[in-house]
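I opened my notebook to go through one structure. I wanted the overall picture before any single residue.

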Amino acid sequence: MGNHSDGSPNHSGTVATAGQNEVEKFQDPGIPPHRLRLADTDPKAAKRAERQVAVLFGASVVGTLIFLVAYFAIDLGDGTSIATIRLQNALLGLGTAFAMLGIGTGIVHWAKALMPDHEVSEERHPIRTEEDRLAAVRIVDDIVEETGIKRRPLIRNTLLGAVALAPLPAIAVFGDLGPRPDRALAHTMWAPQEGKLKRLTRDPDGTPIKASDVTIGSAFHVIPEGLNELHEGKLNEKAKAVVLLMRLDPASLNPSAGREDWSYNGIVAYSKICTHVGCPVALYEQQTHHLLCPCHQSTFDLTNECKVIFGPASRPLPQLPIAVDAEGYLVATSDFNEPVGPSYWERDEHERSIKS
């Protein structure tokens, strides 16, 4: 025990060098003894582990084939039953699971059962000369040699097959995305057709809307005339063209230069597609004249051309220019002057071409 009364240290395991105020460091205990695995001492166990790894890689190949068969052989045409869709989804999920897990678990089992597992330690040193580069090359060669891939053709061949087939599901899925949309996202059905202006109609029945039907404080969900008559691509066209129609006191609107005639007696129309991630902006606060997106709470000021006043959206909602025809029905005088919805890779280019 140390002498606590005079503040002398309590010596516990340290040794002072005679004549010096230095304490010796603990000795490095070294690396613990290496424990051999069964595959290290029994050739039969090593061969069995090799076959297990090959089976796992083979399971990956089978999983990829299941995915491809389910993707291409099961036809999801018109009249496809829910049971068929569920069957395809189940096979696609199982195929992907076996394809990925087979490779992953096979590599893990290969490393744990067959690759050398000797513990090593090496002092750090700065990389200096060509000798160090050659040493690094030798390390890589040693790693390849330790994997045993050269002397275990069964593992090598099954791994190559699994890795070669694994990307095919992704290629099939990406290939099914279809052709590039090009300028399809830049235009909607609101553009005049053969010089005829499109009427604003109620969603979903397609009834035309008269200006006298729209009272102050009211809001209409609107689709372009002729949308319901489409037989193909109806949902895609609707996703771009849906509009919110509202009427305010004309004195509360603040149109910018060039947009003075885009509304009619306080009636304004704006795209219903949020410029953040494309959710439907379906909430209208009559007292504040705010439009709200329920997904991420982006808020747009209807009195100031739907500029963003809160939330993650970075662009105002596109405005649809409207007027009234000879029969009193609301019509779109042109398409939107910018692409609707969230940003995409060519949006700015499309916007410039629309305005030019």
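My entries follow, from the chain as a whole down to one residue.

**Entry 1: the chain.** I noted at the start that this is a predicted model. I looked up the secondary structure and found eight helices and 10 strands. Next I checked how spread out the chain is. Its radius of gyration is 36 Å, while the globule rule gives 21 Å for 356 residues, so the chain is more spread out than a compact globule. I also took the spans of the C-alpha trace along the principal axes, about 105 × 75 × 45 Å.

Entry 2: I asked what share of the 356 residues is buried, and the value is 33%. The accessible surface comes to about 22200 Å². Carbon and sulfur atoms own 58% of that surface. I then turned to the charges. The chain has 35 positive and 44 negative ones, and their mean positions are 5 Å apart.

**Entry 3: the annotated span.** I looked in UniProt, where an unreviewed entry lists residues 267-331 as "domain: Rieske". I computed 35% strand and 0% helix for residues 267-331.

**Entry 4: Leu248.** Where does Leu248 lie? I found Leu248 in the loop between strand 3 (243-247) and strand 4 (267-271). Is Leu248 buried or exposed? Its relative accessible area is 0%, so Leu248 is buried. I listed residues that Leu248 touches, among them Ile216, Leu253, Tyr284, His289 and Leu302. Gly217 is 31 residues from Leu248 along the chain, yet their C-alpha atoms are separated by 6.3 Å.

How values were computed: Residues are numbered from 1 along each chain as its sequence is written. This is a predicted model: local features need pLDDT of at least 70, side-chain atom pairs count only at pLDDT 80 or more; totals for chains, interfaces and linings use all residues. Side-chain values use heavy atoms; hydrogens and water are left out. UniProt positions are given in the numbering used here, feature names are shortened, and annotations may be inferred rather than shown by experiment. Helices (H or I, at least four residues) and strands (E, at least two) are DSSP runs, numbered from the N terminus. The radius of gyration is taken over C-alpha atoms; the globule rule is 2.2 Å times the number of residues to the power 0.38. Buried means under 20% relative accessible area, exposed over 50%, partly exposed in between (1.4 Å probe, protein chains only). Accessible areas come from the Shrake-Rupley method with a 1.4 Å probe; for residues, only the protein chains shown count as cover. Lys and Arg count as positive and Asp and Glu as negative; His and the chain ends are not counted. The place of a charge is taken as NZ of Lys, CZ of Arg, CG of Asp or CD of Glu. Contact means heavy atoms within 4.5 Å. Lists of a residue's contacts leave out its neighbours within four places in sequence.
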